[in-house]
Amino acid sequence: MSAPPPEELIKQWESEQANLRQQVVEEDTEDWQREPDFSGLDRVGGVDLSFIKGDDVNACAQLVVLSYPELEVLYEDSQMVTLTAPYIAGFLAFRETPFLLEALQRLERNQPTLMPQVVFVDGNGLFHYREFGLACHLGVLSGLPCVGVAKNLLQVQGVFRSEEHQSQIAALQKGGDSFPLTAASGKVLGKALRSSDKSSKPVYVSVGHKISLDTAVRLTHSCCHYRVPEPIRQADYHSREYLRKHFPAADTRAKE
């Protein structure tokens, strides 16, 4: 059966996003989230997809689980996958979520004691065109708390890389400092976080599911040895290493 035309597909996906968006929980749901030092949190997950340069169909879907607060790798799962859904801006989750969800389901079947209590997603959550990015999609479908952390600013809902935005970044003095990403509607969709003293370039944190924004920002900062939080950094590293091992002549790249 041939794929539906892009216009029909977009309508279908918009409808699915709108329905799933209603299930997003934008507040803390776990006891450990309310603890100043996240006492009770033992395992944090990270997911990512890496591609061979020039190939937008075949990718390595990666899940890692790290101990907390040590941030040492306890589990990793690398799987070559074939992305069948087309890439359409704002609908990345329909390409990637099925494979990331499968990785979590494999872990739950095979080593349930290592299931992460929260998952860091290389991408946005509520900070999205329709307030339902990859981190929200994976969170709702998995039922796990999820945090979206993007390396680049998505210019959306009135948030732009303006002079004001650049001056706000410059005002972030130390690791842990942040400022809100406020939509034209006045709603705060996420925060720009200086995640490390070593890097003046922020990351963009937003709620995925079952966590408040302030907790998501605090947790992200606590998981950073460098600019990118360790669960995502390790997922990126392991997926690239897998591709280098199996495709030694290929140039690899992570998702932007």
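Me: Before we start on this predicted model, what makes two aromatic rings a pair?

Reply: Rings of Phe, Tyr and Trp pair if their centres lie within 6.5 Å. By this rule the structure has five aromatic pairs.

Me: How are the rings of W13 and F91 placed?

Reply: A pair of aromatic rings is described by two things, the distance of the centres and the angle of the planes. For W13 and F91 the centres are 5.6 Å apart and the planes stand at 40 degrees, so this pair is tilted. A tilted pair falls between stacked, under 30 degrees, and edge-to-face, over 60.

Me: Which parts of the chain does that pair tie together?

Reply: W13 sits in helix 1 (residues 6–21), while F91 is in the loop between strand 3 (73–82) and helix 2 (92–110), so the pair ties together parts 78 residues apart in sequence. Both W13 and F91 are buried.

Me: And what is the arrangement of F91 and F94?

Reply: Their ring centres are 6.3 Å apart with planes at 45 degrees, so this pair is tilted too. F91 and F94 are both buried.

Me: Let's step back. How many helices and strands does the protein chain have?

Reply: The chain has six helices and nine strands. Its C-alpha trace spans about 50 × 40 × 35 Å along the principal axes.

Me: What share of the contacts comes from residues 24 or more positions apart?

Reply: Such residues account for 67% of the contacts in the protein chain with a separation of 6 or more.

Me: What can I say about the surface and the charges?

Reply: The accessible surface is about 11900 Å², and 49% of it belongs to carbon and sulfur atoms. As for charges, there are 26 positive and 34 negative ones, and their mean positions are 3 Å apart.

Me: Where does E131 lie, and is it buried or exposed?

Reply: E131 is in the loop between strand 4 (118–122) and helix 3 (134–142). Although E131 is not a glycine, its phi is positive, about 55 degrees. With a relative accessibility of 16%, E131 counts as buried, because the cut-off for buried is under 20%.

Me: What is phi near in Q157?

Reply: Q157 is another residue other than glycine with a positive phi, near 50 degrees. This residue is in the loop between strand 5 (146–150) and helix 4 (163–170). At 25% relative accessibility, Q157 counts as partly exposed.

Me: How many residues of helix 3 are buried?

Reply: Seven of the nine are, so helix 3 is mostly covered. The buried ones are L134, A135, C136, H137, L138, G139 and V140. Their cover includes helix 1, strand 1 (43–52), helix 2, strand 4, strand 5 and strand 8 (203–209). Just after helix 3, G143 has a positive phi of about 80 degrees.

Me: Which residues does L154 touch?

Reply: When reading contacts, set aside residues up to four places away in sequence; L154 then touches N124, F127, H128, Y129 and V159. The C-alpha atoms of L154 and Y129 are 8.9 Å apart, although the two residues are 25 apart along the chain. L154 is in the loop between strand 5 and helix 4, and is buried at 19% relative accessible area.

Me: Can we finish with L189: where is it placed, and which residues is it in contact with?

Reply: L189 is in strand 7 (residues 188–193) and counts as buried at 2% relative accessibility. Leaving aside neighbours within four places in sequence, L189 is in contact with L126, F127, E131, Q157, L181, A183 and S206.

Technical notes:
Residues numbered from 1 in each chain as written. Predicted model: local features only at pLDDT ≥ 70, side-chain atom pairs only at ≥ 80, totals over all residues. Heavy atoms only, no water. Helix = DSSP H or I, 4+ residues; strand = E, 2+ residues; numbered from the N terminus. Contact = heavy atoms within 4.5 Å. Areas by Shrake-Rupley, 256 points an atom, 1.4 Å probe, with all protein chains shown as cover. Lys, Arg positive; Asp, Glu negative; His and termini not counted. Charge placed at Lys NZ, Arg CZ, Asp CG, Glu CD. Phe/Tyr/Trp six-rings, centres within 6.5 Å; stacked < 30°, edge-to-face > 60°. Buried < 20%, exposed > 50% of the residue type's maximum accessible area, 1.4 Å probe, protein only.
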